[in-house]
Amino acid sequence: MSDLLHRPLTELVDLLATRTLSPVELMRTTVDRIEATSDDLNAFVVVREGDALIAEARASEDRIARGEGRPLEGIPLGVKDLEDVEGLVTSKGSVPFRDNLVGRDSVQVARLKAAGAIVVGKTNSPEFGYTAITKNLLFGVTRNPWNLERTPGGSSGGSAAAISGGVVPLVTASDGGGSIRLPASFTGCFGLKPSFGRIPHETTDLWTMDDTSVYGPLTRTVEDATLHMDAAVGPHPLDPNSLPHPGVSYREILRNLPSGLRIGYSPDLGYSVVQSDIAEVVEDAAREFERMGHHFHEVKQGLNEFGHDWGMVGAFELLGALGHLLPERETDFGRGFIRGVKAGGAMTPELWANIRRRRAELNLWCAELFEDYDLLLTPTVPFDAPPAKGPFPEETEGRKQPLAGVASFTIPFNLSWHPAATVRAGLSNAGLPAGLQIVGPRHRDDLVLQAAWAYERERPWAQEWPRL
């Protein structure tokens, strides 16, 4: 029955809507699958009580029978454990927050539930989403379905393992420096970091990286992601940066990619150190757009490296949120995590001013780039998924990795607020997925999705998943 959960979300929605598949059957299969993969993947860290889930599935079944089914009616949903669900703990993968029971849904969760999705439980995340390897002291290590000795990435690693491993058909994810795109790339999924503000990201007392982090879809196919987007986008008063509704259905316009686009390709953004076999796989994937009739050019202008700036700002904000717990509870946090948080104490007005200046330079670089190109393509991650417990490689093929090298292609577009997606480019020599990143002009989530769908149509991947 696990093959049912490897099917695209769109297919499951159709099966449910036509009553070919029962929401109760789908829910039972999902709960069984979570249990069956728990030891291997550790994708889910909290699962709701079974009777309550079946009762909600039966209510969905009745709604469909009455002709009142909603777009995601009866679809089981996993929620990343950085995001709130009413009645569940949001631990953020951190021991001091293991009893942090919340009383309301996040805006995104509320909208997905209003579309008919049923929250099954919470997916694992590194502590406060701080790294791209999913492990923590509270719930342990999450593993990659393609190779259990490897990480699925992070911080949305539990969600990515659940999608790639055929555990659940729909998840939430978030991306503050690559946390959707990195795990999507490592597990062969599709991931979209939408434009900043596209899906509301409401303030909480532990809101970190508050002008780079976004919610977005992590799915098996591009069209699956449009179902998520259509349910979740639009303004909300709790998020002062939330954007107006785009006025279209992303699913309805998905096939409308313009012809003759100007495609820019950068193999390294001027500083990234890319594993040679991944570089080859990704460039071949990027040139698919040339084969589709678009205008393909290699981008010569490079960027400065932003890993230190991004890391310092995140550490500074986390120190402000968690500093009151130190030193009394310092030993309850992961050593590497709290060491990184305390580094935020080195922030100075001069350093802050320099970070702001470099970010303004990045904005200018992007503005000039998108005058010349309609889309920018790059690798998503420069190397294979690291070991499940880490560490990240310090060098690749004798070349030193830059600081935050795992996110060297993703961080810039969190800082610039541009939409960026990853599609499966192929497999490395180790048999692990590699990703192609597609970056669009600010607010052009539609164009990024259209380009990703057109690529997926030429090089389909959704039928190829690891079996556990």
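Counting rings of Phe, Tyr and Trp (its six-membered ring) as a pair if their centres lie within 6.5 Å, the count for this structure comes to 9 aromatic pairs. The structure is a predicted model, in which local features need pLDDT of at least 70 and side-chain atom pairs count only at pLDDT 80 or more, while totals for chains, interfaces and linings use all residues. Residues are numbered from 1 along each chain as its sequence is written, and side-chain values use heavy atoms, with hydrogens and water left out.

**Aromatic rings**
- F128 and F337 form a pair with 5.6 Å centre to centre and 10° between the planes, which counts as stacked (planes under 30 degrees apart; over 60 is edge-to-face and the rest tilted).
- This pair links distant parts of the chain, 209 residues apart, with F128 in the loop between β3 (118–123) and β4 (135–136) and F337 in helix α11 (residues 335–342).
- Both F128 and F337 are buried, a word that stands for under 20% relative accessible area (1.4 Å probe, protein chains only).
- F128 and F337 also belong to one aromatic cluster with F97, Y130 and F333.

Notes
Helix = DSSP H or I, 4+ residues; strand = E, 2+ residues; numbered from the N terminus. Buried < 20%, exposed > 50% of the residue type's maximum accessible area, 1.4 Å probe, protein only.
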